[in-house]
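Subject: Structure for you, with notes

Hello,

Here is the structure I promised to pass on. My notes on it follow below.

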Amino acid sequence: NVSKLLNKDGTLYLTTPNINSLRSKLDKENYSEINKPFHLIIFSQKSLEILLKKAGFTNIRFIRYTPFPANNLIDLAKIKLLQSLNLYGGLFVIAKK
């Protein structure tokens, strides 16, 4: 339980695949993140938010940016569009205990 490992006012920084991503929707059962042994559960934004609230986290923020560099402005625009529609491949979260 991550919540127990954090100090009283601790902050959780988390990144995980997004089951509602465009890639997940296109690839379906062949979605590569499902087959990785370290991804036991693939979350949606809603399911992850529910889990974090149940674990006692508050001030849960989903960040809409990518830590991955884009090769050009067109790629960056595509990434930003997918992120704004919550269809990007990853969920980036900051939550306070």
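Where is the place of Asn-59? Asn-59 sits in strand 2. Its phi is positive, about 45 degrees, although Asn-59 is not a glycine.

A few ground rules. This is a predicted model, so local features need pLDDT of at least 70 and side-chain atom pairs count only at pLDDT 80 or more, while totals for chains, interfaces and linings use all residues. Residues are numbered from 1 along each chain as its sequence is written, and side-chain values use heavy atoms, with hydrogens and water left out.

**Confidence**

The chain averages a pLDDT (the predictor's confidence in each residue, from 0 to 100) of 85. Of the residues, 94% score at least 70. Helix 3 (residues 45-54) has the highest confidence, with a mean of 94. Helix 1 (residues 2-5) has the lowest, with a mean of 78. Where pLDDT is low, the predicted coordinates should not be read in detail.

**Layout**

The chain has four helices and three strands. From the N terminus, the order is α-β-α-α-β-α-β. The C-alpha atoms fill a box of roughly 45 × 30 × 20 Å along the principal axes. There are 97 residues, and 32% of them count as buried. Buried means under 20% relative accessible area, exposed means over 50%, and partly exposed lies in between (1.4 Å probe, protein chains only).

**Core**

The largest nonpolar core has ten residues. Such a core is a set of buried Ala, Val, Leu, Ile, Met, Phe, Trp, Tyr and Cys residues joined through side-chain atoms within 4.5 Å. Its members include Leu-12, Phe-43, Phe-57 and Ile-60. Helix 3, strand 2 (58-63) and strand 3 (90-96) each supply at least two residues. Strand 3 gives the largest share, three residues. In soluble globular proteins, nonpolar side chains tend to be buried together.

The largest pocket holds about 320 Å³ of space. Of its 16 lining residues, Val-2, Leu-14, Phe-43, Leu-48 and Leu-51 are the closest to the centre. Helix 1, strand 1 (11-17) and helix 3 each give two or more residues to the lining. The lining divides into twelve nonpolar, four polar and no charged residues.

The cut-offs are these. A pocket is an open set of points on a 1 Å grid over the protein atoms alone, where a 1.4 Å probe fits, with protein on both sides within 12 Å along at least five of seven lines. Lining residues have an atom within 4 Å of a point. Points are joined across faces, edges and corners, and the volume is the space filled by probe spheres set on them. Ala, Val, Leu, Ile, Met, Phe, Trp, Tyr, Cys and Pro count as nonpolar, Asp, Glu, Lys and Arg as charged, and the others, Gly among them, as polar.

**Salt bridges**

How many salt bridges does a search of the whole structure find? It finds four. The test is a side-chain nitrogen of Lys or Arg within 4 Å of a carboxyl oxygen of Asp or Glu. Three of the pairs deserve a look.

- Arg-23 pairs with Asp-27, with the closest N and O atoms 3.1 Å apart. They are four residues apart in helix 2 (residues 22-27), which means about one helical turn separates them. Arg-23 is partly exposed at 47%, and so is Asp-27 at 24%.
- Glu-49 pairs with Lys-53 at 3.5 Å, N to O. Both lie in helix 3, four residues apart, about one turn. Glu-49 is partly exposed at 26%, whereas Lys-53 is exposed at 52%.
- Lys-78 pairs with Asp-75, with the closest N and O atoms 3.9 Å apart. They are three residues apart in helix 4 (residues 73-84), about one helical turn. Asp-75 is partly exposed at 23%.

**Other residues**

Lys-28 also has a positive phi, about 50 degrees, and is not a glycine. Lys-28 lies in the loop between helix 2 and helix 3. Its relative accessibility is 56%, so Lys-28 counts as exposed.

Ala-55 is in the loop between helix 3 and strand 2. Ala-55 is partly exposed, at 30%. Ala-55 and Ser-3 are 52 residues apart in sequence, yet 6.4 Å apart in space, C-alpha to C-alpha.

Best wishes
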